[in-house]
Amino acid sequence: MKNSGTTGSMQQRRPAFTITPIAAACAALLLAGGAHAQQTPSDQVVPSVVVTGIRGSIETSIAAKKNAEGITEVVTAEDIGKLPDVSIAESLARLPGLAGQRVAGRAQVIAIRGMSPDFAGTLLNGREQVTTGDNRGVEFDQFPSELIYSATVYKTPDAALIGQGLSGTIDMRVVRPLDLRGRKVALNARAERNSNGTMNEGTSADGMRLSASFVDQFADNTIGVALGFAHLDSPGQDQTYKAWGFETTDNVCTQNPDWGCSPTSGIPAGVTYQNGFEASAQSRSQKRDGVMGVFEFKPNRNFHSTVDVYYSKFKKEETMRGLMGSLAGNWGGIPGSVFSNVGTTPVGNGQLVTSADVRLSNLVVRNDLNTRDDTLKALGWNTSVKLADKWRAIADLSYSNAERHENVIESYAGIDGTTNFKLRLPTGPGFPSLVPDRSYSDPASVRLTDPQGWGHDGLWKR
């Protein structure tokens, strides 16, 4: 490039740097700080600040995903006993590509990428686990989140894994005490209360969660010990209403000619009505105790041995009491219902019965009692010895056992004669109202029977 300016024009240029009052003040501060730093003795220890918490947990999970050879998802506790969920199932359900299936209000099994839960393999500390379920899918509500330190979901195959699943593999890990520094103690206590109160006699609306964890190192960090305990006592109180379906008096017998039915009386032709219902109150009790223990020994970098044990006992009890009945016409020799004082409301292109006085003779009292007692045990011992520069011998022994005792009881009962009740069916939010004129809580009137001709008055499965 060729300069075409003259000497005179060059002399008129502004200086490249100008000193302003603000710049002068900043320079003075920097010089003062430098002078102070020069006066600091070289042997003085400068304190460091270490920030831990949820940010550290997220950074650990991201680093594990970056370093993995395949596609993984990772959840890591920020500290021992710090995963807030009731079980590890709820923690896993928040990961991308995973979905939790809820049973009795709790996440239980995990589906990976939309496939059935029994297509997934489950490991505890790298070892395959049996399940208390009916298939290969592990029921993760057996594992308290307070006792699990991390979980890795492998979405692609890995030759180092045992018992891999078709949809993926979930590897849960407990804490390794030698990976931490210093003694750590975690105590957690939580209380809960169901807003529905107590729905059935002999049940509770109050629950709690308690957990305690301890980690320490001994003998110059060559021996590590970790212990953990978690207790869950969680109630469930639900009100349930089920509509069996809706139909009109014009087509019920046309659709079911073999039933020997006759239309419900008292309802105008072409009007839609509800043909059956179930109304029930359910109470649940879920109690779980989990215990975890780890012993780790690493005297030098050439030898490493770890023993870990896990035990979980989960007791569930469900009580259900309710009424159910058919509002349809006469079929199978059972007299049909009779409607009177019918009130209708326009819904869609037709009319829906939203209020009526109903008389029927087949109202059913149903009582259920379901109990389940699950026990899960796991034991593992891993030892690694370095033989040479490129050779290492690893021995791993494991034991896993699951046991389930389940009891299902159903009973059906009724009252001789007919029952009159008032039916109110909302077209918006809310439960329908059914008010009978007879007491179905009187044991002198209610007896075991088969009110609707189903062929049995009870069921018992063990």
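I looked up R447 and D416, whose side chains meet in a salt bridge at 2.9 Å, N to O (a salt bridge being a side-chain nitrogen of Lys or Arg within 4 Å of a carboxyl oxygen of Asp or Glu). R447 lies in strand β21 (residues 447-448) and D416 in the loop between β18 (392-414) and β19 (419-424), so the pair ties together parts that are 31 residues apart in sequence. I took strands as DSSP runs (E, at least two residues), numbered from the N terminus.

I note that this is a predicted model, in which local features need pLDDT of at least 70 and side-chain atom pairs count only at pLDDT 80 or more, while totals for chains, interfaces and linings use all residues. Residues are numbered from 1 along each chain as its sequence is written, and side-chain values use heavy atoms, with hydrogens and water left out.

I found 24 salt bridges in the structure. One of them joins the side chains of E139 and R372 at 2.5 Å, N to O; E139 lies in the loop between β5 and β6 and R372 in strand β17 (residues 364-386), so this pair ties together parts that are 233 residues apart in sequence. Both E139 and R372 are buried (under 20% relative accessible area, with exposed over 50% and partly exposed in between, for a 1.4 Å probe and protein chains only).

I then turned to the hairpin of β2 and β3, which has two residues between the strands and where A104 takes a positive phi near 55 degrees. Six bridges join strand β2 (residues 98-103) to β3, and the two run antiparallel; seven of the seven residues of β3 (residues 106-112) are buried.

Key:
Helix = DSSP H or I, 4+ residues; strand = E, 2+ residues; numbered from the N terminus. Pairing = 2+ DSSP bridges.
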